[in-house]
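Take a look at the fold below.

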Amino acid sequence: MNKNIHYQLEIRKYSAGELDKSRSERLESHFQECADCRNFYETLRRENAEFLNEHPFSSIFIPFP
Ligand SMILES: [Zn+2]
């Protein structure tokens, strides 16, 4: 795993739609200035999308726009 990721756990929660609003907003502003975290988030989104293609858990997963 990439050691340059500052908010690895929070990004995982965010990508799963489990991060609370204030932390999500802090993370979003961090994405504006940190390519490492932003890339990590994009990677997670891709992994989630591929996973859901094979295992559609739409009842428990909150998709991100
Ligand atoms: Zn960062």
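Of the 65 residues in the chain, 23% are buried. This is a predicted model. The chain has 3 helices and 0 strands. Its pattern along the sequence is α-α-α. Take the contacts between residues at least 6 apart in sequence: 47% of them join residues at least 24 apart.

Turn to the metal. Which atoms coordinate the zinc ion? The donors are ND1 of His6, NE2 of His30, SG of Cys34 and SG of Cys37. They sit at 1.9 to 2.3 Å. The 4 donor atoms subtend angles of 101 to 113 degrees at the zinc ion, so the arrangement is tetrahedral. For four tetrahedral donors the ideal angle at a metal is 109.5 degrees.

Now place these donors along the chain. Their spacing in sequence is H-x23-H-x3-C-x2-C. His6 belongs to the segment before helix H1 (8-15), while His30 is in helix H2 (residues 21-33), so this pair ties together parts that are 24 residues apart in sequence. Are the two histidines buried or exposed? His6 has 52% relative accessibility; because exposed means over 50%, His6 counts as exposed. His30 has a relative accessible area of 12%, so it is buried; the cut-off for buried is under 20%.

Next comes the packing. Two packed helices are described by the angle between their axes and the distance between the axes. Start with H2 and H3. Their axes come within 6 Å and cross at roughly 115 degrees. The two helices are therefore roughly perpendicular to each other. On the H2 side, the contact is made by His30, Phe31, Gln32 and Glu33. On the H3 side, Ala35, Cys37, Arg38 and Tyr41 take part. Two of these names, His30 and Cys37, are also zinc donors.

Phe31 deserves a stop. This residue lies in helix H2. Beyond its neighbours within four places in sequence, Phe31 is in contact with Ile11, Tyr14, Cys37, Arg38 and Tyr41. Take Tyr41 from that list. Phe31 and Tyr41 are 10 residues apart in sequence, and their C-alpha atoms are 8.8 Å apart in space.

How do H1 and H3 meet? The axes of H1 and helix H3 (residues 35-54) come within 10 Å and cross at roughly 40 degrees. That angle makes H1 oblique to H3. The crossing of H1 and H3 is right-handed. H1 brings Gln8, Ile11, Arg12, Tyr14 and Ser15 to this contact. H3 brings Cys37, Phe40, Tyr41, Leu44 and Asn48. Cys37 and Tyr41 are also among the H3 residues that make the contact with H2.

Glu10 is in helix H1. Is Glu10 buried or exposed? Glu10 is buried, at a relative accessible area of 11%. Setting aside residues up to four places away in sequence, Glu10 touches Leu19, Arg23, Arg26 and Leu27. Ser24 lies in helix H2. Ser24 is buried too, with a relative accessible area of 10%. Leaving aside neighbours within four places in sequence, Ser24 is in contact with Tyr14 and Leu19.

Terms used: Residues numbered from 1 in each chain as written. Predicted model: local features only at pLDDT ≥ 70, side-chain atom pairs only at ≥ 80, totals over all residues. Heavy atoms only, no water. Donors = N, O, S within 2.8 Å, 3.2 Å for Na, K, Ca; no water. Tetrahedral: all angles 85-135°; square planar, octahedral: opposite > 155°, others 65-115°. Helix = DSSP H or I, 4+ residues; strand = E, 2+ residues; numbered from the N terminus. Buried < 20%, exposed > 50% of the residue type's maximum accessible area, 1.4 Å probe, protein only. Axes fitted to C-alpha atoms, helices over the stretch in contact; angles between N-to-C directions. Parallel < 35°, antiparallel > 145°, perpendicular 65-115°, else oblique. Left-handed = near helix turned anticlockwise from the far one by under 90°. Contact = heavy atoms within 4.5 Å.
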